[in-house]
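The structure comes first, then the contacts.

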There are 4 protein chains.
Amino acid sequence: MANSFGKLFTLSTWGESHGAGIGVVVDGCPPLLPITAEEIQAELDRRRPGQSDIVTPRKEADAVEILSGVFEGRTTGTPIAMLVRNADQRPGAYDEMREKFRPSHADFTYQAKYGIRDHRGGGRSSARETIGRVAAGAIAKKILAAAGVEIRAYVTRIHDIAMPEDSGAGAEFPTLAEVEATAVRCPHAETAAAMIERIKAVRAEGDSVGGVVRCRVRGVPAGLGEPVFDRLEADLAKAMLSLPATKGFEIGSGFGAVALKGSQHNDVFAPDGKGGARTVTNRSGGVQGGISNGAEIWFNTAFKPTATILQRQQTVDMRGGETELVGRGRHDPCVVPRAVPIVEAMTALVLVDHWMRQKAQRGTFEF
Amino acid sequence: MANSFGKLFTLSTWGESHGAGIGVVVDGCPPLLPITAEEIQAELDRRRPGQSDIVTPRKEADAVEILSGVFEGRTTGTPIAMLVRNADQRPGAYDEMREKFRPSHADFTYQAKYGIRDHRGGGRSSARETIGRVAAGAIAKKILAAAGVEIRAYVTRIHDIAMPEDSGAGAEFPTLAEVEATAVRCPHAETAAAMIERIKAVRAEGDSVGGVVRCRVRGVPAGLGEPVFDRLEADLAKAMLSLPATKGFEIGSGFGAVALKGSQHNDVFAPDGKGGARTVTNRSGGVQGGISNGAEIWFNTAFKPTATILQRQQTVDMRGGETELVGRGRHDPCVVPRAVPIVEAMTALVLVDHWMRQKAQRGTFEF
Amino acid sequence: MANSFGKLFTLSTWGESHGAGIGVVVDGCPPLLPITAEEIQAELDRRRPGQSDIVTPRKEADAVEILSGVFEGRTTGTPIAMLVRNADQRPGAYDEMREKFRPSHADFTYQAKYGIRDHRGGGRSSARETIGRVAAGAIAKKILAAAGVEIRAYVTRIHDIAMPEDSGAGAEFPTLAEVEATAVRCPHAETAAAMIERIKAVRAEGDSVGGVVRCRVRGVPAGLGEPVFDRLEADLAKAMLSLPATKGFEIGSGFGAVALKGSQHNDVFAPDGKGGARTVTNRSGGVQGGISNGAEIWFNTAFKPTATILQRQQTVDMRGGETELVGRGRHDPCVVPRAVPIVEAMTALVLVDHWMRQKAQRGTFEF
Amino acid sequence: MANSFGKLFTLSTWGESHGAGIGVVVDGCPPLLPITAEEIQAELDRRRPGQSDIVTPRKEADAVEILSGVFEGRTTGTPIAMLVRNADQRPGAYDEMREKFRPSHADFTYQAKYGIRDHRGGGRSSARETIGRVAAGAIAKKILAAAGVEIRAYVTRIHDIAMPEDSGAGAEFPTLAEVEATAVRCPHAETAAAMIERIKAVRAEGDSVGGVVRCRVRGVPAGLGEPVFDRLEADLAKAMLSLPATKGFEIGSGFGAVALKGSQHNDVFAPDGKGGARTVTNRSGGVQGGISNGAEIWFNTAFKPTATILQRQQTVDMRGGETELVGRGRHDPCVVPRAVPIVEAMTALVLVDHWMRQKAQRGTFEF
């Protein structure tokens, strides 16, 4: 099940960039949830190309069709299959990729692993695969929203341009409107403007840049996550590193924790006023011992600069011979803004799955 | 299976800090592998307390017994159960923890999740749980060693003291002797001395510090890892974040990737002289598109400062009332050196699992 | 993953009888296998309605589309998604089923489980779901055929009409042509004729009958199957009982084993002439201790009479009130002949999965 | 995870007949369940040898130790490890089995699968492995008992001696005392006496016999089981066929369903008086479309005659040479009575697992 994710709320994605289409099957969704293709489409529209002048100008409608599992507007508890047809492709546009391995792409490793690959547009390694994740995540987000959980991801850094620090408990939780206000999805307007300028400058050079996406979640009750291998932060780390172009993950204080002493880092407890406890600070990132503690969950994911650049690069062909490759066509100089809804989707999927696990184990055995 | 890890080479751990013992079951191990309790004990001895004057002086023999799955010195292909009995415990030593939640420990979250917890020494959340991982990892390491794969973890940073940068392809691969030469497991002697001094100084204050462990792996063939969710780096990230006290993971260039442009970050290919390709640089960290490319795999894991400190801290008791807690007893001011063999164990487990997956899918269906 | 089957060669089915379509995703298929939509269609054609005058006269083309995972005629190792669109449905034809629970159908239990159901044609509980299994099984059969494994299922009994006993090692292995020679898929011509007559007679009464399908497999090497829970016969039993309308499974001597003493039942060993052993008899059914022994694998599956009958039956409506229901339309008086390719498909899926597991665990760790 | 069973309430067994011991780890158990070693021991005592004069006279104490997951008499939600040490073994007693394959045992297939085997007492293929299942099942039974579910297995047939038919809804549900009243665990006293006589007669011949165990479950609510692959009957079939010496499984009408027409077999619905429906008859065996319907669940499992007989048998040795083997020692002439608690244990494990799945998917997402 290398192409499946989740234990109880499971999604399985399939499809290649230039095959018939991209799809996903969601298994284990609770029944009776109202859901429409429009709601799913709205999330897909956030990730698709052509949204603004800093992402790839390719026009892809990416219209989703729900094939099963929804009846008269509500989920039935059976598998929800969703399909996005690929648009007609230009034959021959990718012939060079059949013979040459693009640097820092997955061409070489797919060939090594399988002895065959669909070279067109990266095949299965294309970021189009994330369509299925976003579609499944739209369902998970709806479940969470009904339970009072809110997920907000946004760009905190592009190349060397970072927004002012805002993380953790106490800091303001940006609204969706603030995030969507600019093409770069950074809720800090001045920083956003600088980021956009940088992306345009880099594009003009035929180059690319990466960045950091922060994700914050509020409303998660204490008790989600498993104590050992399936810790909440472990599953979030896996979810993030399973995304194309990611190189790092940190939760709460993250790598910065190393600079602090225990007396500076510990989150002391105070009464929550309801007979329980809350942490006064939140360097833990909302998770302790792998289990949510009721505080805001927050983490960062690092994205490398896009591997496709419009410059001449040295490489090797299928016969092991030295050659060169020049990137062409319409590509994203920076995928980070489009990654924002994908990060939210994966986060929602992890949370719903752990919530279902918790429901399974706790409480009485009655109907 | 929240306490299991791996799909084909699976380990399941059990046990609490102050219960009868700690154990692990390894399922799926290839048959006919020569293995002895002594080999496993050697790895356990690397993680156990009392090894040096910078870790906790608690003396725990942690003697392992192989209960099944090994016959006449070789694995039989059936489950390998291993048990480490806990030493006799001092009754009453942990009575305070029954009533009070220790800051940045898992006491509160376990109580929230389960409505009950074994409070003695952290119960299941104790780092003693990693004994089972190290025992299982010893077997995985032996399998990999026979296949020419070498794993080397070491400490690159403690608090604000970091060794000179050494990562990636081309840099020297430290020997095991170099790593084990100092109590802090940093192969750079001068840095190690400074780290040890810092740990001692912090201990004198009743405080604690964290650090970074780097792990490098050479000899892994191209082709391990799955293209989407079970990417090699995703499973490594999960493995690392499943360890106690970890806050971050980065592979290859990691968070530093963000500072580079694509033209600076891409690893161009050159002929490998055997009809294939190799990357000239290794910012990818040995993995592209989730699949190993034959280059050295390297990644970093951040550990926060130990939560247990010998200072007075504010907290909350089981009834939600404000109280205070003073850490006592013999604790590690810094767990990072002891984490080194655990990082190696988890890495070995991930690699064997993916190697078995690759064996399953490729090749012909014959015996 | 309640709608998935298999650990390494995994299929996930989705779709309802009267929704947009029926589909399947196959994950873990070895790369480089030549496969075409036509080969899959050929198996689907064996299960579809309208093949003969003893099955339902409904005409369904059930044309399969391969959506992913096959490139230039060969599998790529990535997920293979396949889709069969449902034909246009007659609105209103199933309105009665919205309100009334059909006896011995899944209407009531789906409603109890989910609180909602797609009542049209049985929704997800429809035998149309098996389309996905047959499509996936076609791929598995091709893998096995290349490895010299042959699977043959056929009908040995309809109602009280049984063919002469033929099971186990030594007995003749029917050809595919012999099985397909009659509409009832019993390779014994005289018995087949009687079975067909019985089915027609029962249909004339508006009634239905069940039967027994035998499945035999030759060419499976010794060593497939796991020793405890995932015994080969356990997974075959699960596979068969996962089919609609099945009530029983027996392997080798099956329930008849009870009538024998150990001295009569044991399969003694004789040299196989190649330095190994073979069983002289085969009451074990090709499996000992859960693992294949190299002899022919053979087992029986019992199918109950079709629940849909064209007679008046007492039942209950959605509000718990007493009511009546009269079956209508075009239904199979006997599903058993159409179950033959489905039994073969499930058998192939179990075998490929176990073969991949065996490949993963045995042998050296090299490429 | 070939040695694990269950998706949410999971057990993993390990251990060989003549190794250090036999054990099990239960993962996913709900917290706060009161449980003691004595309660588990009581179930183990029902399966252990030496209980009566018709089973093997070997004396094995089989004393269980709970190693983890239970604190102050209640489960903590973390893994419950249990260990039964093997008694000291007589060296040399099994030397013959090192060289010769016992007919209809797993010696040959283990050797073929793994290239190595622990030949002493059958190693991992020994029925002692079921100790772990019974220990885990004791916990599952306690969970079910608290929810009002009662499981009763008993012997309905030994060799050709069968008790009068009693199955399904309406028939009397035997008490535990009635089942335990005789050594053969058949609640029909006259039949039990005849069975015991037959077993003694067969033992005098150095031969063995098999039989049928029926299992009935009442109190299961409608809605347990998954619609497709993980049907309740499919998981029960797998559970039963995963037991040593089993050859067949049938639920409800089973193989007898074939003799009936649909009009005779269908279970019509009647109002249940509480706004729902109940079936008037119960040929379905309490399951429709894979999901429990609230009626009694009942099924049969066929056990072959014990393979170990005290007679001379032809066989083959490790070098492929013809040889003979004479069974010796103290063996069960009939394992069927001892299988009764094991059947109950596996049934309980399946039911708890499905109940937890149902809890996970249904209801609201709140705490």
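## Chain C against chain D

Six salt bridges are found across the interface of chain C and chain D, a salt bridge being a side-chain nitrogen of Lys or Arg within 4 Å of a carboxyl oxygen of Asp or Glu. One of them joins the side chains of Asp230(C) and Lys238(D), with N to O at 2.8 Å. The side of chain C that touches chain D has 44 nonpolar, 38 polar and 25 charged residues. In this classing Ala, Val, Leu, Ile, Met, Phe, Trp, Tyr, Cys and Pro are nonpolar, Asp, Glu, Lys and Arg are charged, and the others, Gly among them, are polar.

The model is predicted: local features need pLDDT of at least 70 and side-chain atom pairs count only at pLDDT 80 or more, while totals for chains, interfaces and linings use all residues. Residues are numbered from 1 along each chain as its sequence is written, chains are lettered from A and ligands numbered from 1 in the order in which they are written, and side-chain values use heavy atoms, with hydrogens and water left out.

In contact (heavy atoms within 4.5 Å) are 107 residues of chain C and 107 residues of chain D. The two chains bury about 8500 Å² between them, 60% of it on carbon and sulfur atoms; buried area is the accessible area (1.4 Å probe) that two parts lose on being put together, summed over both. Lys113(C), Phe229(C) and Lys247(C) supply 11% of the area that chain C buries against chain D, more than any other three residues.

## Chain C against chain A

Here 42 residues from chain C meet 42 residues from chain A, and about 3300 Å² is buried between the chains, 60% of it on carbon and sulfur atoms. Of the area that chain C buries against chain A, Met1(C), Phe71(C) and Ile116(C) supply 20%, more than any other three residues.

Four salt bridges cross this interface. In one of them, Glu72(C) pairs with Arg98(A), the closest N and O atoms being 2.7 Å apart. Twelve residue pairs are in polar contact between chain C and chain A, both at pLDDT 80 or more. By class, the side of chain C that touches chain A has 15 nonpolar, 15 polar and twelve charged residues.

## A helix pair in chain D

Glu43(D), Arg46(D) and Arg47(D) in α1(D) meet Arg338(D), Val340(D), Pro341(D), Ile342(D) and Glu344(D) in α9(D). This contact has three nonpolar, no polar and five charged residues.

Key
Polar contact = N/O pair within 3.5 Å; in protein donor to acceptor, adjacent residues only side chain to side chain. Helix = DSSP H or I, 4+ residues; strand = E, 2+ residues; numbered from the N terminus.
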